[in-house]
Amino acid sequence: MTDISKLEIEIMAEIANAADEAALEAVRIAALGKKGSVSAIMKSLGAMTPDERKEMGPKLNGLKTAITDAVGTRAAELREVALEARLVSEKIDVTLPVRPQQRGTIHPVSQVWDEVVQIFADLGFSVAEGPHIETDFYNFEALNIPPEHPARQEHDTFYFNPREDGERMVLRTHTSPVQIRTMEKTEPPIRIIAPGRTYRCDSDQTHTPMFHQVEGLVLDSDTHLGNLKWCLEEFCKAFFELDEVKMRFRASHFPFTEPSMEVDIGCSWEDGQVKIGVGDDWMEILGSGMVHPDVIRAGGLDPDKVQGFAFGMGIDRLAMLKYGIPDLRAFFEADLRWLRHYGFSALNVPELAGGLS
Ligand code: DAH
C-alpha cells in the first residue's frame, strides 16, 4: 500500500470520528492546512523526478478533493445532529401561562405618564418634547417672567456656570418652555401635551429635586375657557377612572396665563388616606389658564389671530394621589421592595378601551 493510500485511510477515519464541528475543523487543518500532512507531501513534489511527479500530482489532488468532500459530508451530518439535539432540549410547552416568573415592574411614574398620554391622545393631543437644559429665555423670559419677577424666587432654579457669552443655562424648572418651542415650529391649531422631567432645588416629603410634569397647550382661532374646563374635566374623569368628579376652578396667578386658575378636585380623608372624586375636601391638582398674549407673541404667533389655554401638573403628584403613595422621595430611591409593591405589570399596557390601571 502506498503512503498516500495509508494517509487517506487514516484521515478518512479521523473525519468519520470527529465528534463535533470544531473537531472536524481540526482534522481538516491537520491535513490540508499550511502545515498539514497532505500539504507537506505537496511541497515535496518539486524535488521529485518528472515521472514521479506525473504519478503523484494527480493522486495528491484526488486526495485533497476526497478529503474536502468527506469533510463537507461529515459537517452536514454533525449540523443535523446538533439541530436534533437543540430541538429536543429547547422544546417549550405552549400551554404554560405567560412568563410566570415575571420579575420587573413598571415604575408608578412611567405608568401614570403612559396613562396621561393615552387620555390626551384620545382627546386629539400629540406629545411634544423639549430639552432639560434650557436658556433663560425659554424657561422664564418668553413665559412672561422677566428677571426681577418674584416667580423666579419660587422656582428654586438650578443654574449652570456662566458660558463664555455670559449666558447662564438652567435645568428647566417646569415643562412650560415646551409651549414656546412648540409655537415656534408649529402652525396653529396646536394641541400638545409635553410630559417630562423638571428640576428644582427642593426636597421634602412632597418635593424632590428632580420631578415630572406634564404641560398642555391648545391654541386655535377661538379656543375659550369653556374648552379648558371641559378638557380638564374629561381628563380627571378618565385618569381617576370615575364617572363624575367634583372639580373647582379657583382664580389664581401665573405670569404666563391670564386669567389663571388652579384646579382642585373633590376628595375626602379616611384614616389618613385620601379618596378622590367625592367628599367635602379639596385637593389642588394643577395650574391652568388662558395663554397670555405676551407668551403667544414670544412664541412668534399673533395673539390677535390665535388664542387658547395651557395647563401644567405634576405627574408624580398624580401618581401619589391615584395610587395612595405617601412619600415622593421613595419614588427615586430604587428600593426593590418599594418597586415590587407599587410597581405595575409590564404586560398591562394602559389604554382607555381596556382600562387604564
Ligand atoms: N409651570 C407651572 C409650574 O411649574 C405650572 C403651570 C401653571 C403650567 C399654569 C401652565 C399653566 O401651563 O397654565 O408651577
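A: Pro259 is located in strand β7, which spans residues 257–270. The model is a predicted one. The peptide bond that joins Glu258 to Pro259 is cis, with omega at about -5°. A cis peptide bond also joins Pro188 and Pro189, where omega is about 5°. Pro189 belongs to the loop between α8 (177–185) and β4 (190–199).

Positive phi values are a further backbone feature. Asn144 has a phi near 70°, although the residue is not glycine. Asn144 is placed in the loop between α6 (136–139) and α7 (151–154), and its relative accessibility of 22% makes it partly exposed. Asp156, likewise a residue other than glycine, has a positive phi near 45°. The loop between α7 and β3 (170–171) contains Asp156, which counts as partly exposed because its relative accessibility is 31%. At Gly324, which follows α11, phi is positive and near 60°.

Helix α11 itself covers residues 315–323, and eight of its nine residues are buried. Among the buried residues are Ile315, Asp316, Leu318 and Lys322. The charged end of Lys322 is positioned over the ring of Phe239, at 4.6 Å from the ring centre. Phe239 in turn is a member of one aromatic cluster, together with Phe120, Phe125, Phe235, Phe240, Phe309 and Phe311.

The structure contains 12 aromatic pairs. In one of them, the ring centres of Phe120 and Phe125 are 5.0 Å apart and the planes meet at 65°, so the pair is edge-to-face. Both Phe120 and Phe125 are buried. The rings of Trp338 and Tyr342 have centres 5.1 Å apart with planes at 50°, so this pair is classed as tilted. Trp338 and Tyr342 are four residues apart in helix α12 (residues 336–342), and therefore about one helical turn separates them. Trp338 counts as buried because its relative accessibility is 12%. A charge over a ring is found elsewhere too: the charged end of Arg181 sits over the ring of Tyr138, 3.8 Å from its centre.

The ligand is surrounded by 15 residues, of which the closest are His174, Ser176, Arg200, Gln213 and Glu215. By class, the shell consists of four nonpolar, nine polar and two charged residues. Strands β5 (210–220), β9 (281–291) and β10 (307–314) each contribute at least two residues to the shell. A ligand nitrogen lies 2.9 Å from an N or O atom in the side chain of Ser176, and a ligand oxygen lies 2.8 Å from an N or O atom in the side chain of Arg200. An oxygen of the ligand is also 3.2 Å from a polar backbone atom of Ala310. Of the 360 Å² of accessible area that the ligand has on its own, the protein covers 90%.

Strand β10 is also one boundary of the loop that holds Lys305, the other being α10 (293–298). Lys305 counts as exposed because its relative accessibility is 61%.

Technical notes
Residues numbered from 1 in each chain as written. Predicted model: local features only at pLDDT ≥ 70, side-chain atom pairs only at ≥ 80, totals over all residues. Heavy atoms only, no water. Phe/Tyr/Trp six-rings, centres within 6.5 Å; stacked < 30°, edge-to-face > 60°. Buried < 20%, exposed > 50% of the residue type's maximum accessible area, 1.4 Å probe, protein only. Lys NZ or Arg CZ within 6 Å of the ring centre and 35° of its normal. Near = heavy atom within 4 Å. Polar contact = N/O pair within 3.5 Å; in protein donor to acceptor, adjacent residues only side chain to side chain. Areas by Shrake-Rupley, 256 points an atom, 1.4 Å probe, with all protein chains shown as cover. Nonpolar A, V, L, I, M, F, W, Y, C, P; charged D, E, K, R; others polar.
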